[in-house]
Amino acid sequence: MALSKPGDTIAMESPCYSGILQLARSLGLKVIELPTHPITGIEIDALKKVVSKINLCLLVPNFNTPLGSCMPDEHKKEVVALLAKHGVPLIEDDIYGDLYFGAQRPKCCKSFDTGGTVLWCSSISKTLAPGYRVGWIAPGKYKEQILKLKLVHAISSTTITQEAVANFLKTGRYENHLRKLRQTLQYNYQQYIDTIAEYFPEGTKTSRPQGGLALWVEFSKEINTTILFERALKQNISISPGRMFTLQNQFENCMRLSLGLPWSETLKQKLKLLGRLAGS
């Protein structure tokens, strides 16, 4: 809202979190979906072709949903430089960056920002307490626009929840919590992968995220996941059909699964049932 007006054009990943797509459309923005590799993120050549036509860009460089891709540092650096050269602000949603499975946290695009053109955003909503709705932003040279907009829309923050989070962060226990959470998510991921490999239809493909909460599943072309969603829901199984994550007619044989549920025998049986439903 601070960076655009109705009719402006925004570039983002594809597939992309459905809430971002809905928000862009509600603001009257034209959306350009950039093809995205499930491991390395957006195709930079595709961004180069449209950069002169866009007013802003929104990316989730680290473990985005639904693919779980993570842009290499050299890609992040190149994207930041490319957008800055054309005067295009980058909104970086880094909400999953702390949920890495490897030895260290991946860098954010903001690390390569020398001109204040990257607005770095994050939150505890995916790591600690979704209901608190506490997040933060490093807005670069757009700070004044952000503050004015916040004043108009919120007047002030909900200080009691922010103080509770701040006090918890000061104890140092957040890092301990994150370590345990990352181990749990990586364990869940491996269980999902093993179960899908054993019980899903032949030819099923999955992403290989190195962090985050999402697993992207691609079936053969004849399986429509919107229909699968309706059938699964009758068995109290919820999936996110691939068509949710785009404004185009694509990804209809794909779905996203969440890695956030505690792994259990019940969950495994539900996944096995989902595999049977997909193959029948």
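Ala, Val, Leu, Ile, Met, Phe, Trp, Tyr, Cys and Pro are counted here as nonpolar, Asp, Glu, Lys and Arg as charged, and the others, Gly among them, as polar. On this basis, the lining of the largest pocket in the predicted model divides into 28 nonpolar, twelve polar and seven charged residues. The space in this pocket amounts to about 1,800 Å³, and of the 47 residues that line the pocket, Leu-23, Ile-91, Cys-121, Trp-136 and Ile-137 lie nearest its centre. Among the elements that give two or more residues to this lining are helix H1 (18-26), strand S4 (56-59), strand S5 (90-93), strand S6 (118-123) and helix H4 (143-154), and H4 gives the most, with six residues.

S4 and S5 run parallel and are joined by three bridges, with Leu-59 standing opposite Glu-92 in S5. Between S4 and S5 the chain passes through helix H3 (residues 73-85), in a β-α-β crossover that is right-handed. S5 is also joined to S6, by four bridges and again in parallel, and in this pairing Asp-93 stands opposite Cys-121 in S6.

The second largest pocket holds about 370 Å³ of space and is lined by 18 residues, of which Thr-36, Pro-38, Leu-67, Trp-216 and Glu-218 lie nearest its centre. Strand S2 (30-37), strand S8 (205-206) and strand S9 (214-218) are the elements that give two or more residues to the lining of this second pocket, which comprises eight nonpolar, six polar and four charged residues.

Terms used:
Residues numbered from 1 in each chain as written. Predicted model: local features only at pLDDT ≥ 70, side-chain atom pairs only at ≥ 80, totals over all residues. Heavy atoms only, no water. 1 Å grid on protein atoms, 1.4 Å probe; cavity = no way out; pocket = protein on both sides within 12 Å on 5 of 7 lines; lining within 4 Å. Points joined across faces, edges and corners; volume = space filled by probe spheres on them. Pairing = 2+ DSSP bridges. Right-handed = clockwise from strand over helix to strand, strands pointing away.
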